[in-house]
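User: I would like to go through this model and ask what stands behind each label. Please set the value against the cut-off each time.

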Amino acid sequence: LHTWSLSVEEQYYILFPIILLITFKYFRKYLIYILTFGFVISLGIAEWTSRNYPSASFYFLHTRMWELLAGSILAYFEISLGHRSKNKILNLILPGVGLFLIGNSILFFNDKMFHPSFDTLPPIIGVCLIIWFSNKDEIFTKILSTKLFVGIGLISYSLYMWHYPIFAFARLIDFFNSDIVKGLSMGLIILILSIFSYYFVEKPFRDRNNNFKILIIPILLGIFILIILNIIFIKNKGVPERIPELIQKQLKEKPWTILKNSQGQPCYNSKANCKFNSFSNKKIYLIGDSHMASIMFDLKNKVVQKDYQFIPIVKPGCLYFPGFNLIDLKSKKINIDCNNIYFQKIKNIMSKEKN
């Protein structure tokens, strides 16, 4: 999500200036109408797409650009008027309303809400209210202008860049004793890295007096190292050493193919008669697809040790659904191996068992 959300922004930053240049040249007097039209259409498409194709709605530019166009509309009015709001009453009230809308979004938004959609319009309105009606003499502007908030704003992009990889690594390691310690530790690490990035990466690049030849060397070196590492990983098919030796061996052997009957016939995807410890009256059936077949070799040994009869009935891609047929989407025909006839045979076998 982190990478995709960045890509949406980058697409906007690439395409929007081009559209703006064309508009300035040929349709300058209609600029605000074009911006407003784009905002309304994009929001409408986002609302419909989020309810029908939520994944596409989140990732594509045309359903997300309304969030960015809101700022473009504000910028147009500020440039046209030469100032933002000068109404003292509105400047006193509306930044607080904007802050409330943002706070409400942080506290009460959940993963069941459609995003982007009309549901996620309030925080955008909240940000616009704060930007347009903020005034250096008003209380909310003074609060948001404190060193703490300004500092967070300065490192916000670095925070955004660093949080996801840190969260990803935190999921892979089991180093912390509790979730509270884990959360505080991650927060501190992200904060330190973000401050470092801001002062040693962002600021030097923004300073026009800097010698960019000095900065370009570590960048090219970093890119070169990443390319070499990726070539090594691709050639070695990842880092096999990360996987325990036992699992490496099983992945090569395909665990669902290991179990064979006394005649050496595979019990998976064949008509081989696979019954183990058949003298026992206590029976265990293993029914399902390759996921079940992957555990049947090890499970058979444990079942037999407990003096049960073990009978695997497994086929690739064939879950047990009595009353249904597996349909091939291309031919629209019923699968000859995975259908209700097959399921009923399994059902009849099990129905004869007392337990």
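User: In which loop does lysine 332 lie?

Analyst: The model is a predicted one. In it, lysine 332 lies in the loop between strand 2 (309-314) and helix 15 (340-351).

User: Why is lysine 332 called exposed?

Analyst: Its relative accessible area is 61%. Exposed means over 50%, so lysine 332 counts as exposed. Lysine 332 also has a positive phi of about 65 degrees, although it is not a glycine.

User: What makes asparagine 277 partly exposed?

Analyst: The relative accessibility of asparagine 277 is 24%. Buried needs a value under 20% and exposed a value over 50%.

User: Where is asparagine 277, and what is its phi?

Analyst: Asparagine 277 sits in the loop between helix 12 (245-253) and strand 1 (283-288). Its phi is positive, about 60 degrees, and asparagine 277 is not a glycine.

User: Why is serine 72 called buried?

Analyst: Serine 72, which lies in helix 4, has a relative accessible area of 14%. The cut-off for buried is under 20%, so serine 72 counts as buried. Leaving aside neighbours within four places in sequence, serine 72 is in contact with Tyr12, Phe16 and Leu35.

User: How do you know whether proline 204 is buried or exposed?

Analyst: Proline 204 has a relative accessible area of 15%. Buried means under 20%, so proline 204 is buried. Proline 204 is in helix 10 (residues 179-206).

User: What makes a set of residues a nonpolar core, and how many residues has the largest one?

Analyst: The residues must be buried, belong to the nonpolar kinds counted, and be joined through side-chain atoms within 4.5 Å. The largest such core has 23 residues, and Leu35, Phe39, Trp66 and Leu69 have the most contacts inside it. At least two residues of this core come from each of helix 1 (2-26), helix 2 (31-52), helix 4 (65-81), helix 5 (88-108) and helix 6 (121-133). A second, separate core of 12 residues includes Tyr268, Cys274, Ala293 and Val314.

User: Which residues is leucine 35 in contact with, its neighbours within four places in sequence left aside?

Analyst: Leucine 35 is in contact with Phe16, Leu69, Ser72, Ile73 and Tyr76. A contact requires heavy atoms within 4.5 Å, so each of these pairs with leucine 35 meets that limit.

User: What makes the bond from histidine 115 to proline 116 a cis peptide bond?

Analyst: Omega of that bond is near 0 degrees, and the bond is cis. Proline 116 is in the loop between helix 5 and helix 6.

Notes: Residues numbered from 1 in each chain as written. Predicted model: local features only at pLDDT ≥ 70, side-chain atom pairs only at ≥ 80, totals over all residues. Heavy atoms only, no water. Buried < 20%, exposed > 50% of the residue type's maximum accessible area, 1.4 Å probe, protein only. Helix = DSSP H or I, 4+ residues; strand = E, 2+ residues; numbered from the N terminus.
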